[in-house]
Every structure is written in C-alpha cells, then in structure tokens.
2 protein chains.
Amino acid sequence: MFNTLRNYQREWLSADLAAGLVVAILLVPQGIAYAFLAGLPPQAGLYAALLPLFIYAMLGTSPSLAVGPAAIVSLMTLESLQQLATPGSAEFSQLAAALAVLTGLFLLLFYLIGLGRWTTFISHSVISGFSSAAAIVIIINQSKSLTGMSVPRQESLADTLWYVLQHLEQALPAVMLLSAAAILLLKAWPSLCRMLITHRWKMMSELLGRSGPLVLIVLGITLVPALNLPAEIVGDIPSGLPQLALPHLNSEQWQSLLPSALLIALIGYLESLSVATAMARRAKTSGLNPNRELLALGIANLGAAVSQAYPVAGGFGRSMVNQAAGARSQLAGLFTLAGIILVLVVATSWFTVLPKALLGAIIVVAVIPLINFQDGLHAWRFQKSDGLVWLVTFMAVLASNAELGISLGILLSLVLYLRRSSEPHIAEIGRYKNSDHFRNVQRHQVSTSPQVLMIRVDENLYFANTHYLNEYIIHRLEQADGIRHVVLVGSAINHIDFNGYEGLLELHQQLQQLNILLHMAEFKGPVMDRLESTDWLERIKPGQVFFTASDALRELGHV
Amino acid sequence: MFNTLRNYQREWLSADLAAGLVVAILLVPQGIAYAFLAGLPPQAGLYAALLPLFIYAMLGTSPSLAVGPAAIVSLMTLESLQQLATPGSAEFSQLAAALAVLTGLFLLLFYLIGLGRWTTFISHSVISGFSSAAAIVIIINQSKSLTGMSVPRQESLADTLWYVLQHLEQALPAVMLLSAAAILLLKAWPSLCRMLITHRWKMMSELLGRSGPLVLIVLGITLVPALNLPAEIVGDIPSGLPQLALPHLNSEQWQSLLPSALLIALIGYLESLSVATAMARRAKTSGLNPNRELLALGIANLGAAVSQAYPVAGGFGRSMVNQAAGARSQLAGLFTLAGIILVLVVATSWFTVLPKALLGAIIVVAVIPLINFQDGLHAWRFQKSDGLVWLVTFMAVLASNAELGISLGILLSLVLYLRRSSEPHIAEIGRYKNSDHFRNVQRHQVSTSPQVLMIRVDENLYFANTHYLNEYIIHRLEQADGIRHVVLVGSAINHIDFNGYEGLLELHQQLQQLNILLHMAEFKGPVMDRLESTDWLERIKPGQVFFTASDALRELGHV
C-alpha cells in the first residue's frame, strides 16, 4: 500500500474512485445478502466490509482483490454454527465473531509457518468440485427468498429440495415472478448497456454495465413496495458504525469452533489466492505475494471479529468487478470503504423495505459462475483418479456439508497420491546398444550380465513404498539363479526418509543372508548427503557406490 | 490352516501343544487385565480370546500371531467409549461389541480395496511414537490397581498423574509392595529359571521361564488372600461360554463410533502385521499375506462382536511367547482355545480373589517393551522431520488421547511429505565434458548454449508443486537475455496428474507470450502416455519432443 502510494500516479485517481464506488454499489446489497446466507443480521455483512477492507488495502498485495463478506465462506459459517445456536440469535452472532477470531489466528499461523510458499497443497479438483457444489447449496438455500414459501429447516439439502418440490403450490407466483425478473435483469443488463450506448462512450457503457445491482436495488426500494407483494423484506438495519468488542465465549465453545475455523481459513485463503492470481495474470501485473496475503487476510479476519462481523475472504465476483471497473491500486478499496460508511451512517433505513427475493437474485447471479462441471470432466478425461476426486468432493458437499466434503476431497487426493507412489514403477535395466544409456529390459534390446541385477526405482523412497521395493527385488531373485550383485540405480530417487532408510537396511540384511552384494549407482546429491550422515556406506561394504550405472555394469559384470 | 493341516508333520504336535498351553496360561490373566483396562467386565477379555482365536487359526497366514485382547486396542476402546457411557456398565459393553462390529467391517473394507497390498502407508515414526506413548498411558492408568489408591476419573492424563503424585500418602504400602514384588518376579523369573536349571534341560527351562505369569497367578490366588491385604480383587466372573448376540444400538450411536472404529481397525491391523512380519523374519518363514490378514482380522473382530467381547488384534507379547514356545502351526492357537474354554467352564471362580495389583503388574511388564525412545532418536538423527513426526505423535497421545495423537501424526507426516515435494529440486543442466551425460550447471563444469535453457525437475508433477516449477522458470528467464528455447528434461518425473498438466499448459502460454519455444526431452513412457491422451503434443508445436537431452541441445543449441 505505502509502496503504491509513493509511486501513485495522478491519473489513477479517477479510475480508482470510479472502481471503488462501483464495488461499493455492489457490496451493499451483497453484504446484506451474504449476512442472511450466513444466518446473521443484515448489518453483519456491511460490518464485514469495514475494517477488513481497510486492513486489506493496507497490507494486501493484490490491487483489485475485494476482501469482505464472501459467498462460500458465508455458507461455511452457517453450516459450522447452526448446530451450536439458532441462526439470527445474539449467541449466533457471538459465535460468528469468535469463528472470525480463530480463522484469523489460523491464517496468521499459516503465515508464520510460511504456508504461502507451498503454493497449491490442495488439488485443483478438490477446490473446483467443492465450489461447484457449494454454489448449488447456496442457490437451494435461497429457495425460501426466491419463492416466498416458508421452508422449515431440514436435515439435509436433499430434504430441503424435496420439501420445496413437494410444496411448490405454496410458492407465491408474484414473488417468483419478481425473482425471475431480477435474475433476468442482472444477467441481461450488461449486454443491454453495451447494445444501447454507442462505442464512443465505451468507458461510460462499461461503468453502467456493472451497475445492474444498483438499478435493481433502486427499483426494489422505490417501486416494489408500491406493488404490495407478500414478499419478505430485509427489515431494520441499525444505523451507524459497529461497536468494537471481542466475542465472549467459554473455552468449550472456542474449542468446538476450531475445526471449522481451520477449514474456513484454508478455503478462504485458497479462494482469495486463486482469484488474485487469476486477476494478476489477466492484468499481466506481478507483485502478488502469497505469504503476505496470509498476513493480510489473517488480520482482516481479526478486524471482522472485533467489529461484530464474521469470517471474510476475497470474493470472486466483486474482485472481477473491481478489476474490470479499472481499479489501479488499493486506494480503490478505500473509496469502497467510504461508500459503505456513508450508507451505514445515512442510508440503512432505505433498505428496510427491500424484498429478500432481490437479494436472493443477486446471490444466485453471483455464484452461478462457480458451478463448473467442465473442470470435473476434463480431470476425468485426463486421469480417472483426478476426476474421481472432483466427483467425490462435489457429491460429499451436496450430501452432507462443506466441511466434510472438503476434508474428504483432500484426504482422497492424498490417499490416491500415496497409493500411486506406494507401488512405484520399478524397472530392471541394461545397457542400450553400446552406449552409456540404460533402459528397461522389457522395453528395449539391452545387454545385461547374468551375475548382476540392475534395478531402477522411479520414486522417492519413503514410508508409503519401502516394503514394495524389497519384495520386488526378493521376488525377482527367487526367479533367477546365479545373481551375485544387486545394483540399485537411484537416478529417479529425489529424496529418502527414515522409513526408506530402514527399508534399505532391511534389504541389505536380506541380501547378506543370500550372499549377494548390494551396490548403488547414480544416486543424487541430496540422497547421498542423507545416507552419508549414517553409517550406511560403511555397512554395505564391500558393496560399492558407482557414479553411473555404466561403471557398475562394467566393473561387476564385465559388460 | 487347511493347507497346513494337509502338510502337518506329526512331530509338530507336541510343540504346538506346549506352545498353545503356555499361551493360554498367559492369556487368562492378560485377558482379564486388558478387559479391565478397556473398562469392561473381566469375562469380556476371555470371550475376546474364543471366536477370534478360532477364526484366526482358520483364516490367518501367520503360524504364531496370537489374536485376541491386546493392550493398545484395549486402551483405544476405553478412550473412544468413555465419553458415551460409564465404564463397567452394560451399555458400555454393548458399545464395545458394536465397536468390534464396525472395526471388523472396516477391516473387511480394507480387504476389499486391497489395502494390504499398499504395505506401509503410515510412517514407522507414527507407529513407534504412538505405541511408546500408549504404553505410558496404559501404565499410568494402572496406578490405581498398583498403589491401592482410589483415583477419581480425571480430565487428562497429566491430571491423573498429578493427582497420584499429590495423594501418594493415600497409597497403601502393602499393595505397592505387592505390585513391586510382582513386577520383579515377572521380570526376573526367566533369568532365574535359566540360572537354576542345568543346560541339559534346555527345553524344560525355556518352558518354565515363560510360566512366570502362571506362578504369579497361583501365588496370588493361594497365598495373597491369606495376607488379608486391602487390595481390590477381580470379583466374580460368570462361568461358562458367552451367549452369542449382536449389540443393539440406535443409528446415532453407531454413527458416533465410526471414526474410532476406523482408527482401531487401522492400528489393530498395522500392529498385527508388524508383529507377524517381525516373527516371520525371525523364523525365516514366508507365506505371510497382508491382505489375507485383513480378512482374518476382520472376521475375528466380527466374532468378538457377537460373543460379548470387544475389538481384538494380534498382540505383541503373547505372539512372541507363542513363537518362542515353539508353535509350528495355527494348531497351537486351537490348543490355547481349548485351555481358555476349560478355564471358562470350570475355573472362573478361582480368579475371584486375585488382587488387581497382580493384573496391573502383568500389564506393566507386557507394555514396557513398547516404549522405544530409541526409534524417535534414530529418526531425528536421520532427518529432523522424521523425528518431529515421532515426537508430535508421542506428545499428542500423552496430552490428549490415542485417536487425536495418531490422526495428528498421520496428517503431519503427509503434510511434511507434501511440503518437501512442493518445492522440488530443480536443476539447470548442461553437457558434462564431451559426453552424453547432463549435469547440474552449479555443481559441474558443463557446456550450455545461451539460447537454450535446459531444466530438469526432480519430482513428480502433481498438485503440490505445479506453480513452483513455472515460477522458477519465469524467474530464471527474467535474469537472462536471449533464451529462445526451454527444454524440460523429464528423466525424474515418474507421474503427472491433472494439476501438473494444467501447470504445463500455463507454462506453455506464458512462454508463448515471451516468444520462447517449449520442448521436452527424456520424458518417461507412463508420463508420455498420459500426455498423448490430450492434445498437448499438438499444442506445443513447433516445440519438439526429444529422446535425450543430448539430442535436444545438439539440435537447438548446436552444442
């Protein structure tokens, strides 16, 4: 931020101002809508856009990431708290603020351990399957607002959907019409503006094209009440800025929030980072620093916590608007902030009569782009296991909840990876033509020696696969007579852990009993360093360490 | 089993009979002791040795693994159920039987997905740290029996220990003396026998040496009651065999047992397998089949479930005794079974007056060998991260409970592995002397071309490291001018997942923008197969695929 201000160029100001205000216009109804989605009073969504926005503008490294209330994090907040308190109650708000405290602390912990440098530790298939399902859950959750039905809380999403479908006759046609019109307006507005306004006014057309929500809200506030629809309305929003306070909970309540906070921190971070990365790539700017983002998001969440809000993240939709509206620096965020404060101080009463159906429409339009079956399909086509991860995550989020879904997805992708590397590709190799190249005996015409078995392991030696290698070699030795030397070729072994080392010790012992010598060739520097820190090189004597497989075969087998 | 019987040799019979009876002698007091440890009535431990033993003798593949009540699984049973019911109550017994049902089903699930073929998917450091801590927890849990104090249930292990130390004046000296004498007797008995009996009677001395628990129990039953100690006694054990029945629980209770059952299945299997493997290696026998073991243990647990027992596993101590006593086949298990049935039918009343202090002594002596700080130390010396996994698992089991400890240990070892492979070793390579060998430019004197950047990645391309490679290459290109070709050398890439492929697509796009061609060299068969299933090879044209790095440098850089 300060860096940016020092190099601030005057002509950026108007762009930042315009972008900041456009985002503010979108943020007010979205904030209210997301607060309802999270089970909180409407002001919580606006409060979530105050301190977090300011903090992110100060500390963040993306010029256009819009931090504040976000759809998926709102859903996760609802799902993690609805077992503990009644949505809408004061206790629920306390829990939500506490969740933001813990989310912030987890993000700071990630920052301290440098998680940002690990880049993507969660498979893209998990994130994509998760977001797609979460968007569907969010849309189904809006069925109450969108149809005007009263939908009692159900056990599961399927039950909710089933209830809605069974009681469709209770839906109010007028409300449904209103919702449909609102969604249509939001979807069609940008192209409408582009069509109606001439090319010479391109900037104007762009700005107007993004003000669909504003038009919708203005219409909703001015015209809809005159229609006297039986639609639920937003109701009173307290005027003014939030009191700063820390949530009060007992230690058991804090504890019960820990797992949810961990997952919200993880998802909030990954969502924010992927949005920021996508925008940086589009704008061809650099300077995004994942670890600094953790710091900024962590403190932003603490800011949300003390201002009666709930966990925040960088939202997909608003960030896109921010960038498209031409934000050049984090200053845009400060203009947005000013807009929100203005609304809170003078204009909360305007929103009292706004029908919730319009907020539902805004949410639906915001989350639809998150539904992305293509990702799952592409992953499946590339490799069944990648597609499976997408599908399991997607189904689990729909069938139970976001937390279980994402945990299961992460677990499955790890297990599948482990499974793949627990049965590594192992090749018996020999000299290719008269060269120094060594190749798989099963794929190429190579020369070998009957006394020497040369084995290349195409995987790191670690806890998931130590026994496999030994069993492979012992099995191979049982089939052949006269082998006096086993040469382990380490050209594809990138690291070794203690289990791998223990496995080597075991292999050495087993070979000793069979009167066979174990040698090594082409082991890489880091692996050799590790082995040299033990007495391994002493132990295997008279087994030798060769620089290349070629040297080994020449000396041991005279080939 | 049937296979064994077909080849049964007559001279094995006496060995099997002796071994079977020695194990029975050990099993009766151990079974009672472990049942108390698990919070169950004494007979549950004996029942756990009936059907499971029979089933394992039929289906198992290890001749000497003693399946039945086991120390660590007993502790895990206590810890997972004590939140749900009062130890010792009928409801607790129902829950324990249900836990055995689910443990059995999980084991059968593992059998179906062929988990046994994955060999070690949990790091040895996790298992070792876990067993060491669990043994300490078990010993501290015995403080009540060993000291004669009444120790109220405490929140945590530290509280229990603290309570015991603070109230040591309430300990009954007579009981403590009895415990100490018992432990001493059990520890010293084998060497005593070896000293007193001449070498000519070696077999006799061995057998007698293993009968320490029998001597202790006989003394405990006959002499100790005469001393009129204020020690707690075992109390009534119902005579006869258990009624077969399935536990009755509601669906919510079943659900709440799922996570515990999963971990007990995992730990029970790994413990049994590692004991069986160690014994097979010592006896130099083969035939152990990990996947068959899953089947045998799964059905054994179902057997335990219907006979009012609780989860079972292959125990360390008794299996060692079984092998040392000379068991040649699974028939030994059937003799043990006969012994237990005999006790249940005619002799349960003998144990009524047995002081619990002696059972505590038997447990302590049985679990002490599990405490193995050396493992942690060796792992730490080899590589800090391996030692850290040991330490964290160990501390977490002590500080909270077995389940959390083992989950944390598994998670940490996975995360550390991911972390290591998320920042893979990447080397810029060049031609070594005038050979066909390519080596790291930073470590060796190699020849390169200013137009060609050759990059070797020493890791699989998967979700944990895709961005890292791209950032490395882009960063490298920013430092140098005039590079026209980037050659990715794939000799150490063993597999690629969808994220890795997406990363390559991204790299290709970024290089296109910079007007640089991307080529590939030395990619392995399985990775090429994967890439050929997409349109990748079309996309990178005119970038080329070379067989060797040498070909690439010769053609692109004329070097």
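Val487(A) sits opposite His519(A), which belongs to strand 8 of chain A. This is a predicted model, where local features need pLDDT of at least 70, side-chain atom pairs count only at pLDDT 80 or more, and totals for chains, interfaces and linings use all residues. Residues are numbered from 1 along each chain as its sequence is written, while chains are lettered from A and ligands numbered from 1 in the order in which they are written.

Now the strands around that pair. Strand 7, residues 485-489 of chain A, runs parallel to strand 8 of chain A over five bridges. Strands here are DSSP runs of E, at least two residues, and helices are runs of H or I, at least four, numbered from the N terminus. Pairing takes at least two DSSP bridges between two strands. On its other pairing, strand 8 of chain A meets strand 9, residues 545-546 of chain A, again in the parallel sense, over two bridges. There, Met520(A) has Val545(A) as its bridge partner.

How covered is strand 8 of chain A? Four of its five residues, 517-521, are buried, that is, 20 or more other C-beta atoms lie within 10 Å of their own, with C-beta atoms placed from the backbone.

Last, the domains. Chain A is assigned domain 1 (2-148 + 155-414) and domain 2 (426-557), with bounds from an automatic or database assignment. Their centres, over C-alpha atoms, are 54 Å apart.

Conventions:
A residue is buried if 20 or more other C-beta atoms lie within 10 Å of its own, exposed if 12 or fewer, and partly exposed in between; C-beta atoms are placed from the backbone.
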